[in-house]
Every structure is written in structure tokens, then in C-alpha cells.
Amino acid sequence: MVTSRVILLHPLAPPKPPPGAACNGCGVCCAAEPCPLGIALTRRRRGACAALRWDDAQARYRCGGLADATLRVPRWAAPAARALAARWIAAGAGCDSDLVPQPSR
């Protein structure tokens, strides 16, 4: 059974890369559902991740969980917390989303 959902993305967001390719900040995976870091930070398990942030300067989505304003930890714990956060969002591991986005008509 094929299911479909509507997710809204910024019109300037880059197209989703194929699975395994480097992340380009398309936002598809995070707009579809939160990762373990997103769940821990926002306590939301369904829908778009509330930590997803659009970066106007780079014209791409970024994880708000890696931004200082969202990742509220003591300064001494910040490096370890960032490493854990990067692992939870699979930073540097390539696209792990098998979603197939369709543009709106």
C-alpha cells in the first residue's frame, strides 16, 4: 500500500539527493518526521521536526538542534553534546531518506 503525505518546503530548497549521497539541506527527511535528536529536543514524534530551520544565507535547511540557541547545554558539555547530536542526525553519513518527493501541481 502506497501512502502519501504533503510536506511543505521552502521554494528555494535544493532537490532531495538520492539515498547515500551527501546531504544538501533539502529538508525532506526532517519535514516528514523528527529524528531521535528532534524527538529529544521537541518531544514530538510525528509531523515536521520543530527544530528544522531554514538558512536564508545558504538557501538550505539546517538542524536547529546543532545551533547554540536550541542545544542548551553547559558550555563545558557543548563539544560532547554536539558530537552526540551530529551522530543522532547522521551528519556526514549521507542521505538516509528513501522518500520520493513530488512537486506540487
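The sulfur of C49 lies 5.8 Å from the closest cysteine sulfur, that of C30, which is too far for a bond. With a disulfide taken as a pair of cysteine sulfur atoms within 2.5 Å, the count comes to zero disulfides. C63 is likewise in no disulfide, the nearest cysteine sulfur being that of C35 at 5.9 Å. C49 counts as buried at 10% relative accessibility, whereas C63, at 25%, counts as partly exposed; here buried means under 20% relative accessible area, exposed over 50%, and partly exposed in between, for a 1.4 Å probe and protein chains only.

The model is a predicted one, in which local features need pLDDT of at least 70 and side-chain atom pairs count only at pLDDT 80 or more, while totals for chains, interfaces and linings use all residues. Residues are numbered from 1 along each chain as its sequence is written, and side-chain values use heavy atoms, with hydrogens and water left out.

K16 is found in the segment before α1 (28-32), where helices (H or I, at least four residues) and strands (E, at least two) are DSSP runs numbered from the N terminus. K16 is buried yet has no salt bridge, and the nearest side chain of opposite charge, that of D98, is 7.3 Å away. A salt bridge requires a side-chain nitrogen of Lys or Arg within 4 Å of a carboxyl oxygen of Asp or Glu; for charge, Lys and Arg count as positive and Asp and Glu as negative, with His and the chain ends not counted. The side chain of K16 does, however, reach the backbone oxygen of S97 at 2.9 Å. Leaving aside neighbours within four places in sequence, K16 is in contact (heavy atoms within 4.5 Å) with C26, V28, C95, S97, L99 and P101.

Most residues other than glycine have a negative phi. R43, although not a glycine, has a positive phi of about 60°; R43 lies in the loop between α2 (36-42) and β1 (52-55) and is exposed, at 73% relative accessibility. A59, also not a glycine, has a positive phi of about 50°, and is placed in the loop between β1 and β2 (60-63), where A59 is partly exposed at 31%.

The structure holds one aromatic pair. The ring centres of W54 and Y61 are 4.9 Å apart and the ring planes stand at 70°, so the pair is edge-to-face. Rings of Phe, Tyr and Trp (its six-membered ring) pair if their centres lie within 6.5 Å, with planes under 30 degrees apart counted as stacked, over 60 as edge-to-face and the rest as tilted. W54 is partly exposed at 22%, whereas Y61 is buried at 12%.

Definitions and conventions. Polar contact = N/O pair within 3.5 Å; in protein donor to acceptor, adjacent residues only side chain to side chain.
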